[in-house]
Structures are given as structure tokens and as C-alpha cells.
Amino acid sequence: MEELSLHILDIVQNSIAADAANIKVEIIEDIEADSLKISVEDNGKGMSEETVKKVCDPFTTGRTTRRVGMGIPLLKLAAELTGGGISIESKLGEGTKITAWFGYSHIDRQPLGDIASTMQQLICMNEQVDFMYIHRVGEKVFELDTREIKKMLQGVSLTEAAVMDWVLGYLTENEEQLYQNS
Amino acid sequence: MKSLAELQEIRNRTLNNITLRKEGADEIRVVVGMATCGIAAGARPVMSAFVEEIAKRNLSNVTVAQTGCIGVCRLEPIVEIMMPGEEKVTYVKMTPEKAKRVVAEHIVNKQIVSEYTIGAAN
């Protein structure tokens, strides 16, 4: 993985596989505190205490095609390389929250990358899920609640080309705004 | 700036297209592998390229979807194309450029791009 947004794309797939109906993705860039924090919170089926202990081991996986899973170990490595780390809170039947924090100015910190494409694909390709996306950069904040989009669309699919195009444009514009004069 | 209100208009326009669309019979599916292996190998820009190219050509009978690990991670990004009445075609080591060619030759002109298929990679 070369971008933090690719880790997000990957980690959210775990929430989707856990049958989450609501997923909250939050990115907090606090340059003054030299910190970048990413969290993914879902109301999926959750994990037992034992599983939580094991998920950082690459030989733990939910997939059936192979016996290794690299998603969380790769995120953990990327965070630890910058003096950060990850934490996982989970409860069976209630959901999971994964938080990763990074040293903002650390030379090994990966760039956030193309978060607009990442969120577009997550939102449009997983219509059954309601996403809450929050991105803070210093004092500025961009929030997107896909329930508002779905309300406007009244049953028209998020996978329609015109809708996907709008979603990408909306995300791109608002992401750019976050970095202007800051 | 784009606003949520624009969705109203997009919705109305799209609804007209949907009613024009024929029911199901000629539906083509493009499925992109989006597990850790696919994402790390570059599946996201491949998916974007398919979506863009299909939108640009206004191919309303094509849907793009994602799936998990297809099982041959060393050949990621992997894309499967399902056409009604035809066997599934599996493309491997995809790039955005290859995706454009697959849309033009396979989806539009019905000519499989053999050199990108899993058969050619083995």
C-alpha cells in the first residue's frame, strides 16, 4: 500500500464483510499536534476478545480463499513506522472501531492519497451501507452523510454513471477546499 | 461548487434513461477484485477507469461491481467480465490503460482481448 487512503479502502472492506449497515470513516489532520488519525467504526457483527488479540497476526483472516490476511498488519506497520500505532475496540454483535494514528511530519508517513476516489468507490459500490465520512484539517471540516444523498436520489441507484460522477466531483471539490489557505 | 440539490436533476435525468433501458436481458457485469491483494496491486484506478470509460460511452447496460479475493493474488488486479450467454472472461494484471482497451474491444465490439486474459498469463 502506498497511500493511507488505500489502507482505508481495505480496512472498510472488513466492515462490509462483517455485514455493517453503518460505517463511519473519520480522518483528523492536526498539524499543530503533528498528528494524523484515521478511524473506521462500524456496527457489524464484531469480534470476540480472542479474535481482537489475533487480528494483527497475518495468519488470522476472515477469508476462505487463503489462510493469510494482511489488511490490519499492513495498517499497523504503516502506523508504527511513523511512531504511531493502532487500536481495536470490538464487541460481538455490536461492532468494531479501528483507530490508527501517525506522526504527521514523519518522513515515513504515507500520503493520504486519492481519498476522493476511495470514498466514491466505497459509497457507490456498497449501496446497502450508510456511510458517514468526516475529514478534519486543522479548523476545517468536511462531512458527508450518504443518507442525505440517498434521500435526494429516492431509489435511483448510486451505481448509475451520472451519480458516481457527481459523488466523485462532490468529494474532490470538498477535499480541495480543506487544503486551501491552510 | 457541487451541491446536494443537483442530485434532484440527476435523478430525473437518470429515471428517463432507466425507463428506456431494456429489461435485464443484455446486462453485462464487470467485477473487480478489491481485497487487500487487489487494492495493493492497483485495483482502485482500474475500477475508476472502467467506471469512467463506461460512463463516457454511455453504456447503460453495463454494471461495475467489486468482489473480494479471487484467489490468484500474484495476478492482481483481476477483472472478470460476464456477458449473457457467454463464458466468464478473466483479465489479469490490469491497468487503467488496459481497462480502456477492454471496454472498447470486449464490451463494445465483443472481441476478447486474449493477451490480457488469465489464459495468456499462465
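**Close-up views of the A–B interface and an aromatic cluster**

**View 1. A salt bridge joins the side chains of A:Glu3 and B:Arg44, with 2.8 Å from N to O.** In this predicted model, one salt bridge is found by the rule across the interface of chain B and chain A, together with twelve residue pairs in polar contact.

**View 2. The interface brings 31 residues of chain B into contact with 36 residues of chain A.** About 3000 Å² is buried between the two chains, and carbon and sulfur atoms give 63% of this area. B:Lys2, B:Leu4 and B:Arg44 account for 24% of the area that chain B buries against chain A, more than any other three residues.

**View 3. On the side of chain B that touches chain A, at least two residues come from each of α1 (6-20), α2 (36-41), α3 (43-56) and β2 (62-67).** The most is given by α1(B), with eight residues, and the residues of this side of chain B comprise 19 nonpolar, seven polar and five charged.

**View 4. A:Tyr133, A:Phe142, A:Trp166 and A:Tyr170 make up one aromatic cluster.** Over all chains the structure holds three aromatic pairs, one of which is the edge-to-face pair of A:Tyr133 and A:Phe142, at 5.9 Å centre to centre and with 80 degrees between the planes. A:Tyr133 is buried at a relative accessible area of 1%, and A:Phe142 is buried at 4%.

**View 5. A:Phe142 and A:Tyr170 also form an edge-to-face pair, at 6.0 Å centre to centre and with 65 degrees between the planes.** Because A:Phe142 lies in strand β6 (residues 140-145) and A:Tyr170 in helix α6 (residues 161-179) of chain A, the pair ties together parts that are 28 residues apart in sequence. A:Tyr170 is buried, with a relative accessible area of 12%.

How values were computed: Residues are numbered from 1 along each chain as its sequence is written. Chains are lettered from A and ligands numbered from 1 in the order in which they are written. This is a predicted model: local features need pLDDT of at least 70, side-chain atom pairs count only at pLDDT 80 or more; totals for chains, interfaces and linings use all residues. Side-chain values use heavy atoms; hydrogens and water are left out. Contact means heavy atoms within 4.5 Å. Buried area is the accessible area (1.4 Å probe) that two parts lose on being put together, summed over both. A salt bridge is a side-chain nitrogen of Lys or Arg within 4 Å of a carboxyl oxygen of Asp or Glu. A polar contact is a pair of N or O atoms within 3.5 Å; within protein, one must be able to donate a hydrogen and the other to accept it, and residues adjacent in sequence count only if both atoms are side-chain atoms. Helices (H or I, at least four residues) and strands (E, at least two) are DSSP runs, numbered from the N terminus. Ala, Val, Leu, Ile, Met, Phe, Trp, Tyr, Cys and Pro count as nonpolar, Asp, Glu, Lys and Arg as charged, and the others, Gly among them, as polar. Rings of Phe, Tyr and Trp (its six-membered ring) pair if their centres lie within 6.5 Å; planes under 30 degrees apart count as stacked, over 60 as edge-to-face and the rest as tilted. Buried means under 20% relative accessible area, exposed over 50%, partly exposed in between (1.4 Å probe, protein chains only).
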